[in-house]
Structure formats: structure tokens, C-alpha cells
Amino acid sequence: MNEMYQLTLTIHFWGTVAMVLIALLNLAHLRLSSDIRRYAKKMRMVMPMMGSLLFLMLFTGAVMMAAKHLDFTFANIVMIVFNILMIVLESKRYARLKHLNLKPEDAFEGYKRLATRLLFIELGGMALIAVWMLA
């Protein structure tokens with residue numbers, strides 16, 4: 001049982017690292033992009049990866065909680081709420097990109113402002129939780 005818990009903890013950790021890297025890459029790609037069509041095409045490949053990692057976090061967290069006999073702690077509740085918040089933020093970002101009108105000149109700039117704000121919220125939350133968990 002201890003081996004399963006340790007393996008799940010390791011997967012959870014590396015999944016979190018991958019989420020931070022993908023969020024940073026998303027932010028860099030967003031800031032460097034000027035063509036909405038190429039940006040949207042690339043994001044159709046990257047955004048599902050973030051969704052998969054969010055599911056991985058929920059799944060590995062559930063396995064770890066099951067290994068601890070569903071012992072809910074304050075840290076577990078915060079991580080669950082934050083994961084749900086990230087799902088909502090990613091959904092908003094994806095929906096805004098999907099329904100973005102490509103005709104107006106300033107449409108991409110408006111999307112960039114919103115997406116940058118959402119990505120900074122996600123990265124800030126991940127950083128705060130990481131500092132809290134590693135302290």
C-alpha cells in the first residue's frame with residue numbers, strides 16, 4: 001500500500017510540474033503570437049493537454065486520499081477547490097478562443113488580455129500551493 005501511495009505522490013508531483021511548464025509555455029506563446037489563426041490552431045493541440053493534466057491531478061489526488069482512508073484535510077480541500085477553479089478558468093479561456101470573432105482587429109488583443117489574466121491566476125495559485133506544500 002505504501003508503494004502505491006509513493007508512486008501516486010510521485011506522479012502527482014511530476015504532473016504538477018508539467019502543468020506549470022505548460023501554463024508557462026501557454027503564456028509565452030500567447031505573448032509572442034500576433035496571428036490569431038495560427039495561435040488558435042496550435043492551442044487546439046495544447047489545451048487538451050492541460051485538461052488531461054487537470055484530470056491527472058484529480059485522479060492521483062483521489063487515489064492518495066483513498067490510500068489514506070479518505071482522510072480529508074484542509075490541504076486536500078484547498079487543492080480540490082483550486083483544481084475545480086482551474087477547470088473553470090481553462091474552460092473560460094477555451095470558450096472565449098473558440099467563439100472569438102476573427103474579423104475585428106482588436107479581438108485578439110482583448111482575448112490576450114483575458115487569457116493573460118487567467119494564466120497568471122492559474123500560475124499564481126499553483127505557486128502558492130507549491131510553496132505551502134513544500135514548506
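Which residues make a nonpolar surface patch of about 630 Å²? Before we get there, a word on the model itself. This is a predicted model, in which local features need pLDDT of at least 70 and side-chain atom pairs count only at pLDDT 80 or more, while totals for chains, interfaces and linings use all residues. Residues are numbered from 1 along each chain as its sequence is written, and side-chain values use heavy atoms, with hydrogens and water left out.

Now to the patch: Leu70, Phe72, Ile77, Ile80, Val81, Ile84 and Val88 make it. Patches are built from residues with over 30% relative accessible area and no salt bridge, joining nonpolar side chains (Val, Leu, Ile, Met, Phe, Trp, Tyr) within 5 Å and like charges within 9 Å. Accessible areas come from the Shrake-Rupley method with a 1.4 Å probe, and for residues only the protein chains shown count as cover. Phe72 is exposed because its relative accessible area is 51%, where exposed means over 50%, buried under 20%, and partly exposed in between (1.4 Å probe, protein chains only).

Let's step back to the overall fold. The protein has four helices and zero strands, and along the sequence it reads α-α-α-α. Helices (H or I, at least four residues) and strands (E, at least two) are DSSP runs, numbered from the N terminus. Along the principal axes, the C-alpha atoms fill a box of roughly 55 × 25 × 20 Å. The accessible surface comes to about 8,700 Å², and carbon and sulfur atoms account for 70% of it. Of the 135 residues, 36% are buried.

Next, the interior. A nonpolar core is a set of buried Ala, Val, Leu, Ile, Met, Phe, Trp, Tyr and Cys residues joined through side-chain atoms within 4.5 Å. The largest one has 26 residues, and Met19, Tyr39, Met86, Leu97, Tyr111 and Met126 touch the most other members. H1, helix H2 (36-67), H3 and helix H4 (107-134) each supply at least two residues of this core, with the largest share, nine residues, coming from H2. Leaving aside residues up to four places away in sequence, Met86 touches Met19, Met50, Leu54, Glu122 and Met126.

Thr8, in helix H1 (residues 2-32), counts as buried because its relative accessibility is 8%. Beyond residues up to four places away in sequence, Thr8 touches Thr60, Val63 and Met64. Lys98, by contrast, lies in helix H3 (residues 74-98) and counts as exposed because its relative accessibility is 57%. The C-alpha atoms of Lys98 and Ala40 are 8.1 Å apart, although 58 residues separate them along the chain.

Finally, the charged pairs. Side chains of opposite charge can pair when their charged atoms come close. A search of the whole structure finds two salt bridges, each being a side-chain nitrogen of Lys or Arg within 4 Å of a carboxyl oxygen of Asp or Glu. In one, Asp35 meets Arg38 (3.6 Å, N to O); Asp35 is partly exposed at 33% relative accessibility, whereas Arg38 is exposed at 58%. In the other, Arg93 meets Glu90 (3.0 Å, N to O). Arg93 and Glu90 are three residues apart in helix H3, so about one helical turn separates them, and both are buried.

Key: Contact = heavy atoms within 4.5 Å.
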